[in-house]
Amino acid sequence: MTEKTLNRSALTAHAVRKAAEISPTPFYIYDEAFLRARCREMKDMPNAYGITVRYALKANSSRALIRIIASEGLGFDASSLNEAKRAILAGIEPDRILLTTQEVPAGDERDDLEGLLMQGLKYNACSLAQLASVASFAARNKIAIGMRVHPGVGSGESVTRNTGDKYSCFGVHLSDMEEALAIARGASVVIDRVHVHIGSGGEPEAWRENIERELGFIERYFPDATTINFGGGFRVARMPDEQAADIFDLGMTAKQAIEQFRERTGRKLKMEVEPGNYIMANAGSLVSSVMDIKKTGDDGFTFVLVNGGMEVITRPLLYGSRHPFTVLAPDGTVRSNEFDLDSATTEELIIVGRCCESGDSLTLDAGHHIVPRAMARPEPGDWLVVGGAGAYCASMSPFNYNSHCQAAEFLLAENGDIRVIRQRQTLEQMTQNECD
Ligand code: LLP
């Protein structure tokens, strides 16, 4: 009989125990088969005249994972020059990377950017200053560039993840478009890609509505554009009660709209998307250990203290995101699994980490209020397996806060092997760049 999985990935109690023999908790563990399947699903997204899927590196930039994704034929979305350089260090060819950044590289970084552009790195101008700074260089070297357009309308799973409305400053705003086009014309630079990313995890309907809107920008302002990039942001279901975006359905809408655009204008556009969460979120789990249990009186709460809180998974504190929990005994017995809860054996508990922050909890809502969750009461020494932790956890955590060491990362390989893909940081490594 095959062993039960603990969450949406193929992680089993057996795999957790094997990994725990190699490295102390907390650690992350990623499911290779899941990751590859998600890459393929994205590549199969319906499209009219070809699709490039650019994995958003910021979701998780661990080298082994980048290489798996590259081997599936995906391209990459980099949000900083360093992110692009890191992918190149992992063996990714520069021409598979599109840089869409808030940075305006200067000094040595400017030289590096020019060097990488000459090697084929693709670039989206995201502000008038960025455009002015690269336009002549690009034109002189016959390099076409893209433009990230600020559409004025966005949608995110929280306010902090909406990148398209007036409260966020990503891209060249429509009200600056005439000026941007004048800069581009003045430098004779070709703009061959138009990019919009409305936010992360927002309403799928808002993603759909952006398709026509963005095509409208191309028709109105960008006669040389051959590629339309719709960004990432596809909603992911981490919890049993959450509903993910329907990639096939969104792709069908994009395909039809791009075909109609062709009928209208005679122009064939290639399509790009940039998923981070959708590819990586449910591929990964975080495994921590239960250290202690405390109570705050009869009218208070029961707190389960684990050694993997905000320093390894910041999303609950930052966004009120919910991640599914599995409570696992040291012998591998599943005490409770959020995908299969038995109310007779669960209690309402609060999970907190070990940082000296009252917000260091995995059971918070978007207003930072503590929200107890049903699970079996663990014993100290049990594991807490937190699902949906592949994206923006290892890559987006203040891991050295309270002087904790950056956690190890494992790959659960397709053949069932457990491989270390990042060693746990040592205290010496944490302090090695400090000077007296
Ligand atoms: N493309 C661009 C230009 C982006 O800024 C982002 C995310 C993506 C693609 C990928 O979005 P995704 O498919 O991963 O939702 N830290 C948050 C998400 C915010 C990421 C910001 N930009 C989270 O933990 O969900």
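**Close-up views of a predicted model**

**View 1. Helix 6 and helix 7 run roughly parallel to each other.** The model shown is predicted. Helix 6 covers residues 128-140, and helix 7 covers residues 177-187. Their axes cross at roughly 20 degrees. Angles under 35 degrees count as roughly parallel, so the term applies to this pair. The axes come within 9 Å. The crossing of the two helices is right-handed.

**View 2. Residues of helix 6 meet residues of helix 7.** Helix 6 contributes Leu128, Leu131, Ala132, Ala135, Ser136 and Ala139 to the contact. From helix 7 come Glu179, Ala180, Ile183, Ala184 and Ala187. Sorted by class, nine of the contact residues are nonpolar, one is polar and one is charged.

**View 3. The protein chain is divided into two domains, domain 1 and domain 2.** Domain 1 is made of two stretches, 13-29 and 281-422. Domain 2 spans 32-279. Taken over C-alpha atoms, the domain centres are 33 Å apart.

**View 4. Domain 1 and domain 2 bury about 2,200 Å² between them.** Carbon and sulfur atoms account for 51% of this area. Asn282, Arg322 and Tyr392 supply 28% of the area that domain 1 buries against domain 2. Across the boundary, 25 residues of domain 1 are in contact with 26 residues of domain 2.

Technical notes:
Residues numbered from 1 in each chain as written. Predicted model: local features only at pLDDT ≥ 70, side-chain atom pairs only at ≥ 80, totals over all residues. Heavy atoms only, no water. Axes fitted to C-alpha atoms, helices over the stretch in contact; angles between N-to-C directions. Helix = DSSP H or I, 4+ residues; strand = E, 2+ residues; numbered from the N terminus. Parallel < 35°, antiparallel > 145°, perpendicular 65-115°, else oblique. Left-handed = near helix turned anticlockwise from the far one by under 90°. Contact = heavy atoms within 4.5 Å. Nonpolar A, V, L, I, M, F, W, Y, C, P; charged D, E, K, R; others polar. Domains from an automatic or database assignment. Buried area = accessible area lost by both parts, 1.4 Å probe.
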